[in-house]
Amino acid sequence: MSRGKSNKDLESLKTEDVVQAVVVADNFSDAFVPMTNDVPSCLLPLVNTCLLDHTLEWLSNAGVQEVFLFCTRQVEKVREHVKNSKWSSEASPLLLNVIVSETCLTLGDAMRDLDAKALIRGDFILVMGDTVANVNLSPILEKHRRLQKTDKGLAMTVVYKYAGPSHPGRAPQDDILVAVDKKTSKILFHQKRVSSPDQKKVHIPMEIIMDLPSIDIYNDLVDTHVSVCSASVLPLFSDNFDFQTCEDFIKGLLMNEEILASSLAAYFLSDSEYAASVNSWPMYRNVTQNMIHRWTYPLVPDMLISDNEKPYQYLKGNVYKQHPVTLSRSSIIQDDCVIGGGSKVGEGSSITRSVVGRNCQIGNGVKIEDSFVWDGCIIEDKCSIIRTVVGCNCIVRQGASLSQGCILGQGVQCPAKFECSQRLQSSPGDEDFERIGDAAYIVKLDDDESDSEDGRAPQIWNELFSNENFDDEVDADSDVSSELSDASDRTMSPVLDDTNLFYNEVVDSLKRGFEDKLHCDNLVLEINSSRYAYNVSMREVNLLVVKAILNLPESDSYLTQLWQMLTYFMPILKNYIKNPVAQIDCLQALKEVAGAESEMLSGVVKFLKVLYDQDILSEELILKWHSDLKTDPESKDLCRVAAPFIKWLEEAEEESEEESE
């Protein structure tokens, strides 16, 4: 037991109809080596809070009353963390039981061990200790129990979330195809697929679909690794020793439904609900970004702190700073950053789209971009850390350059001026690793074994970053002027159906939000959910959101309504138009709408003035945009209408220069 409950308390709890959950602390893989050499995967930090705390916080919010935390590796560290956390206090809403079995090597072993211990009394929630979610479990439990009344053999309800094949939240190992009986939600077919040229076709047995009036076939789902299990699940694992993973369990039940007399059901999350398993480095990065963008609300940085910690300050551009943080006057913190308490950032250093842990020392002239620096790190002067993970208590010596998926295990001391894009650990371990410093050894990747069913090595070394993840991002050092020229010259090519659907949903959300006076934060969540559903790039989101706002006012009172809409939707504009590239997209949207709708011409000056006054559009980009309009014959009316505002900007600039002289 993780906290002192009396026997009387436990006996009374057993008599109640409590909601139980089994949290499996180990992910039974080496996906996070070398980080997991010293710390179990469930205790790895995600946005400066360990994964296990994210999972328990969600379960607590979702109404779970009793949790069995099943541990297999580095058990004492898990016990110590639980002992020192709020989950062991008398005020904790969870009764947390730590179950230990160090002989278990797979999820199947863990389920069989739980069955032998006879701890589960009925239906239970099964999740991994790396789950981040905001899902309300009550509707899922209710559906599971309702289906049990008509299907006595229902063993498990699997929770899925919609995500297209190229969705950033869809890890390669979670690529699945699912067929479901539309009437009963019964899963008929479930096949995990590995994206490769020889697996373009999927064969679904005809007998599955012949006797049913209608079925739904999905290739746009993600298995959230959240499921509701009946009491029969544990005995099924015990009776079938070939069930080693949840995938084995699902496959075995579907293939032997008549023999095992058990079935599976599907539950689909809504767009506003979030659930993901952080089981690989790409998912680690993706879930971090989702949390910073508040798609996981209420599990967001400024609400996930322990009782003895200072709160985070949530600032413009999705920047979170935890008191106390010391920033030099010339340091730059921008766009999707989290800085933990006690950290210091030196002169001329910049941090972009990154998470920095607590008590980190960042030197002068350091560049950190798209990276994760964990607690207690020292980054000396003039270092470059791009697309990298730096484990706890690492030291990166002066002038070192880490890039392209470099991962430093805990306590690594990276030599000065060293360039690295590999994985390093602090000690050689039991093998002869290549030494590059006093506490820095290159981790050898074992790619030779190939005894898995699909012919690939059983240990999949997922890259932290891949090129496709950055298709929609622009380097901060790129030439903004050339981007603006490209945007001005392009015309909108015929858009895909998904893009049209996304735009229509944005228009509907904004229109309903304005009429019902909904909070803009909720509208941003809806827009972001739609973006996920239709796989729309960030630049398309910027452009289409602005176009939607410009197209909302009625033509007979366009100017008056535009002013009202801009005022009301200003938080949404500030959320999306927050860097030079987004400003380019915004101005491009203005050009396209004004070119298609003559009524919009009357609102051009007001639109530019309002966004300029709110520091959303910069003077430099507005002037460059107008200059490019002069060379575009189709934009002569827009150029003419905007001219008075441009003249005012130029005169204001001249007056400012005269005053400074």
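Helices here are DSSP runs of at least four residues, numbered from the N terminus. The model on screen is predicted.

Start with isoleucine 250, which belongs to helix 8 (residues 246-255). Its relative accessible area is 1%, so isoleucine 250 is buried. Beyond its neighbours within four places in sequence, isoleucine 250 is in contact with Val158, His190 and Leu264. Show glutamine 191 as well: 59 residues separate it from isoleucine 250 along the chain, and the two C-alpha atoms are 9.2 Å apart.

Next, select the hairpin of strand 15 and strand 16, which has three residues between the strands. Residues 312-315 and residues 319-322 pair in the antiparallel sense over four bridges. Tyrosine 312 faces glutamine 322 of strand 16. In the turn, glycine 317 has a positive phi of about 80°.

Now turn to the aromatic rings, which make 18 pairs. Tyrosine 162 and phenylalanine 268 are stacked, because their ring centres are 5.7 Å apart and their planes at 20°. Tyrosine 162 is in strand 8 and phenylalanine 268 in strand 13, so this pair ties together parts 106 residues apart in sequence. Tyrosine 612 and tryptophan 648 are edge-to-face, with 6.0 Å centre to centre and 90° between the planes. For an aromatic cluster, select Phe32, Trp281, Tyr284, Phe372 and Trp374.

Move to lysine 517. Its charged end sits over the ring of phenylalanine 514, 4.1 Å from the centre. Lysine 517 also lies over the face of tyrosine 568, at 5.1 Å from the ring centre.

Finish at helix 15 (residues 558-568), where Tyr558, Gln561, Leu562, Met565 and Leu566 are buried. These residues are on the same side of helix 15 because they cover an arc of only 135° around the axis.

Terms used
Residues numbered from 1 in each chain as written. Predicted model: local features only at pLDDT ≥ 70, side-chain atom pairs only at ≥ 80, totals over all residues. Heavy atoms only, no water. Buried < 20%, exposed > 50% of the residue type's maximum accessible area, 1.4 Å probe, protein only. Helix = DSSP H or I, 4+ residues; strand = E, 2+ residues; numbered from the N terminus. Arc of directions from axis to C-beta. Pairing = 2+ DSSP bridges. Contact = heavy atoms within 4.5 Å. Phe/Tyr/Trp six-rings, centres within 6.5 Å; stacked < 30°, edge-to-face > 60°. Lys NZ or Arg CZ within 6 Å of the ring centre and 35° of its normal.
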